[in-house]
Amino acid sequence: MSQTSTAPAHVVGIDYGTLSGRAVVVRVHDGAELGSAVSTYRHGVMDSVLAATGSPLPSDWALQVPSDYIEVLREAVPAAIRAAGIDPASVIGVGTDFTACTMVPVTADGTPLNELPGLADRPHAYVKLWRHHAAQGQADRINKLAADRGEAWLARYGGLISSEWEFAKGLQLLEEDPQLYERMDHWVEAADWIVWQLTGTYVRNACSAGYKGILQDGAYPDPDFLAALNPDFAGFVAEKLEHPIGRLGSSAGTLSDQAAAWTGLPAGIAVAVGNVDAHVCAPAAGAVAPGQMAAIMGTSTCHVMSAEHLREVPGMCGVVDGGIVDGLYGYEAGQSGVGDIFGWFTKHFVPAELSEEAAARGLSVHELLTEQAAREEVGAHGLLALDWQSGNRSVLVDHELSGLLVGLTLATRPHEVYRSLLEATAFGTRTIVEAFGASGVPVTEFIAAGGLLKNRFLMQVYADVLGMPISVIGSDQGPALGSAIHAAVAAGAYPHVRDAAAAMGRIKRNEYLPDPVRAEAYSVLYAEYTALHDYFGRGGNNVMRRLKALKRSAHEVREVPA
């Protein structure tokens, strides 16, 4: 640690999630979390109607309002400083992370298009959140063309580009609102846009550019490829996307006077290059060595790990040189729905008497269902589910897929369905872990982080399904702590993210150990899961895609004016 002042130095990590932003004040020399605050986005996620007009949005859209992100700086950061009880002058750096791929269309000075006069009623003028899946058609075309042309970069993404990513969403914008596309000067990751607002300087982070922006070996897909998708898309990289890249842990600039006024922090302190919420969590969990997989488990799950060698893993979200820790290849995979699936079930399929029982006992519905489910033996419910309510990110990379539940009878009870959903997400994670191992990137330690850690039964299910110990992060605020670690490096307090992680990170090793009897029973269920997975996900039966098409057709008929 190169910070030499005797007074304690602090950094602020700001984690931008799907529904809110959280600021955490962290002590530099030991990673102690001294205070935090949350700011909920006023507009939330717009996935059914456009807030400005009340107009309905098409299926699979998910938008946000960028001004909500600024409110996090105004509200959460000063509140966190107050909660920590520190002098703001002791803060030496700020780090941020964001959901990804979350894209902001802006003018040359960074103004979001929705803030321009006359554009508030145009859906494509807003932020496209990571879970905006309406660009699947564009993603399918990108994948087919790349495969037909033998594009070398495609294998770096497991053979498929996601509809969540920069190119598919950018192509959708061009084809559905070409006038807005023309007015847009930059197609910016929200992770970079918020750093731009803090510093006044636009720096594109290496993590997002590599994983979500198809930047491999210093190059993007070439203009000929883009023109083959759409002639007007030929200049997408040069005109809208390409920008200088900042390495993770480096400084993107210093806090501007305006941002200092928003946050109450000193102007001129270091602001770290932006980062992705899952990837930034790895150092906070101590997952900086080859073979350590960090699973950030929340509404969705992102699996990240580093390795010394470059390998092609089918269905991975990407492999990027320096994408997690500088000097190592960073790998990413993920599940589009995890906590979201559990929440969906408890919101829509739990009878009133269970909700009343939970309330009477001072429990959440999740806690009551977990308690009931934990009494059952493996397989006693006779159920098996596919965890695709939000599509499949890895290893199939197909958001046209949907959830499935097999084995329902008139005797099936809510807690049994709930348990089958918990198990399905664990089976999905095992599918990912096995894909990495089969490709020469073995997982030697599995480290869990995120909000779902509070469900200890769920964590034990994962240990039993994976058949390996599970370590857990020693912080409830992993991404924010990871952002603070990067802030400390950007400010010069540590020479490398690995050094900062060793001093500031938190990990509890082997917190959950697999039970051999349950692990064997789960392997039997997992074989059945794999059979369903491959049948519905690899072309054995495309009924899920056909049903999605019928749903879209029905919506289009309903939306035609009388």
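This note sets out points on strands, a sheet and aromatic rings in a predicted model.

1. Basis. Residues are numbered from 1 along each chain as its sequence is written, and side-chain values use heavy atoms, with hydrogens and water left out. Because the model is predicted, local features need pLDDT of at least 70 and side-chain atom pairs count only at pLDDT 80 or more, while totals for chains, interfaces and linings use all residues.

2. Strand β16. Helices (H or I, at least four residues) and strands (E, at least two) are DSSP runs, numbered from the N terminus. Strand β16 (residues 329-335) has 6 of its 7 residues buried, so the rest of the structure largely encloses it; buried means under 20% relative accessible area, exposed over 50%, and partly exposed in between (1.4 Å probe, protein chains only).

3. Partners of β16. Two strands pair if DSSP finds at least two bridges between them. Strand β14 (residues 301-307) runs antiparallel to β16 and is joined to it by 7 bridges, with Ser306 opposite Gly330. Strand β15 (residues 318-321) also pairs with β16 in the antiparallel sense, over 4 bridges; here Val319 stands opposite Tyr331.

4. The open sheet. Six strands, in the order β3-β2-β1-β5-β12-β11, form an open sheet with mixed pairing. At its edges stand β3 (33-40) and β11 (251-254), each with a single partner strand, so one side of each lacks a neighbour in the sheet. Within this sheet, β1 (residues 10-16) and β5 (residues 91-98) pair in the parallel sense over 7 bridges, and His10 has Val91 as its bridge partner in β5.

5. Aromatic pairs. The structure holds 20 aromatic pairs; rings of Phe, Tyr and Trp (its six-membered ring) pair if their centres lie within 6.5 Å, and planes under 30 degrees apart count as stacked, over 60 as edge-to-face and the rest as tilted. Phe167 and Phe236 have ring centres 5.1 Å apart and planes at 70°, so this pair is edge-to-face. Phe167 belongs to helix α3 (residues 166-176) and Phe236 to helix α8 (residues 236-241), so the pair ties together parts 69 residues apart in sequence. Both Phe167 and Phe236 are buried.

6. Tyr535 is partly exposed, with a relative accessible area of 40%, whereas Phe536 is buried, at 13%. Elsewhere, ring pairs link Tyr16, Tyr41, Tyr69, Phe98 and Trp193 into a cluster.
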